Structure formats: C-alpha cells, structure tokens
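Please read the points below beside the sequence and the coordinates. They are set out as a colleague's note, with the cut-offs given where each term comes up.

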Amino acid sequence: MTPHVAFHAPGFPTTMWSVVVNAHAVDESVALQALERMARAYWQPLYVFLRQRGSPHDEASDAVQGFFEHLLRREVLQHVTRRETRFRTFLLTCFTRWLSNQRRDAHALRRGGGAVMLPIHELPVEELPADVLAEQLYDRKWARTLFDLALRRLDEEIEAREERRDFFQELRRRVCGPLSGSPQWDEVAGPFGMSIVAVRKAAHDMRLRFATLLRHEVRRVVGSDADVDGELRHLAALLAG
C-alpha cells in the first residue's frame, strides 16, 4: 500500500510587497513581526553581495544587520508603493542606496539597538567565486534562499506527521537531498515492506508537494500570480548555473 502523502496546502501567501507597503498602516507589533521574518528569511543574499564586493565578514554582517534595523523603524517605508518590479530587485536597490547614504554621511556600519539579531555566519572567502559579479551572486543566493525556505517547509510537514515519519524522512533524502542523484528505490522498498512502484508513487507525490511549496515561496516575492511562472524559470536557471 502506498503511504498517502497528505500535506496541508499553504494558505494564500502574504507577499513581501504587502509587508513593506502596509508596514506603516497596521498594528506596530504585527508589522515588526512581519519585517523581522522578512529579515531572517532574506538576509543571506545581501550578505553575499557585500562579501563578493570585497567587504570582510564583520563589515558585511554589520551592514546587513543595520539595514534591516533601518527597515524595522517603519517610517522609512511610509512612502513606498507597490511597483512593477521583482521584490529581490527592490530590496537590493534599497540596500545599495542605504549603504551610499551611510558612507556619504560618514556613519559607521555598525549594528543598532539589537531590534533583530540575525544569525549571520562567516562565509569563507574561498566560497566566493572570483569570476561572478556581486549582483549575479546576489541573484544566485536569492534563488537558493527560496529553495531552502521551501525545503524547510517540507521538512516541517514531514516532522509533523504522526504515521510513517521515518519513511518520509528517508524518501526526502532521495527526492531532494544528498541521494537525489541516484535514489535507488529498491533500497527504500525493502526495509519498509513496499513495492518499488509504491515508493516511486510516493516520491512523485513528494516532488509535487515540494514544487507547490516552492511556488508558494516565489509568490511571496513577486508582484502578482502572473509573475510566478517566469520567476520560477529564472530561479531554475540560476540554480542550474
């Protein structure tokens, strides 16, 4: 019998555009929580952007931390309107302008009052490709971030299962984990008392679920439903490169 891959469908996603545009119009605690989630989800692309431009870890870390604390003050978002542009482009533009203002005003790029502490870990310089522009690396890291967010959602759903959690954890390793290149379904079928056909069907269902979760994450950072497919193609190309 094939284990049924029953996952809860995600609700309509709160887009990052709506978080930014409405930050000054909603309850302060709600806005701050939403902006903090945004910071924790999307700090990595900005960090690698600065590292690729030659900033050492401490400087890049302080700059990213300071930028998101700048956004958390909310008044800076009062005049932002929704635009026909990708949110990742908007975020990078805001970041580079903020950096320019900081340097123009001779402000030290230091962390502020600790409104949000991001888990920024140093990226070894050898992990920064020498032949890639900072903007290109930013896009690649953005794509990887969305992929990882969807993967985290899948892991949370598997962990929340009450039945056959061990089977789905093993399946996940072979669908979108370290063994995805050569899944060897017979190695799963035997220990779990299943046919290879049943395992393949469960794997297919998990791939579809992951695709749905990834689509959900992409919808959060584009302007409309019509933009999702194009952004998914773009992200796939970035990850393949």
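1. The charged end of R164 sits over the ring of F167, 5.3 Å from its centre, and R161 lies over the face of F168, at 3.9 Å from the ring centre. A charge is taken to sit over a ring if NZ of Lys or CZ of Arg is within 6 Å of the ring centre and within 35 degrees of the ring normal.

2. This is a predicted model, in which local features need pLDDT of at least 70 and side-chain atom pairs count only at pLDDT 80 or more, while totals for chains, interfaces and linings use all residues. Residues are numbered from 1 along each chain as its sequence is written, and side-chain values use heavy atoms, with hydrogens and water left out.

3. The protein chain has nine helices and zero strands, where helices (H or I, at least four residues) and strands (E, at least two) are DSSP runs numbered from the N terminus. Of its 241 residues, 47% count as buried, that is, under 20% relative accessible area, with exposed meaning over 50% and partly exposed in between (1.4 Å probe, protein chains only).

4. The largest nonpolar core has 63 residues, of which Y42, F95 and L171 touch the most other members; such a core is a set of buried Ala, Val, Leu, Ile, Met, Phe, Trp, Tyr and Cys residues joined through side-chain atoms within 4.5 Å. Helix α5 gives the most to this core, with twelve residues. Leaving aside residues up to four places away in sequence, F95 touches L46, F49, L50, A63, V64 and F67, a contact being heavy atoms within 4.5 Å.

5. The count comes to 13 aromatic pairs, where rings of Phe, Tyr and Trp (its six-membered ring) pair if their centres lie within 6.5 Å, and planes under 30 degrees apart count as stacked, over 60 as edge-to-face and the rest as tilted. The rings of F87 and W142 have centres 6.5 Å apart and planes at 45°, so this pair is tilted. The pair links distant parts of the chain, since F87 lies in helix α4 and W142 in helix α5, 55 residues apart. F87 counts as buried because its relative accessibility is 0%, and W142 counts as buried at 0% as well. Together with Y42, F49, F90 and Y138, F87 and W142 form one aromatic cluster.

6. In the loop between α4 (87–104) and α5 (134–159) lies L133, which counts as exposed because its relative accessibility is 55%. The C-alpha atoms of L133 and F49 are separated by 8.7 Å, although the two residues are 84 residues apart along the chain.
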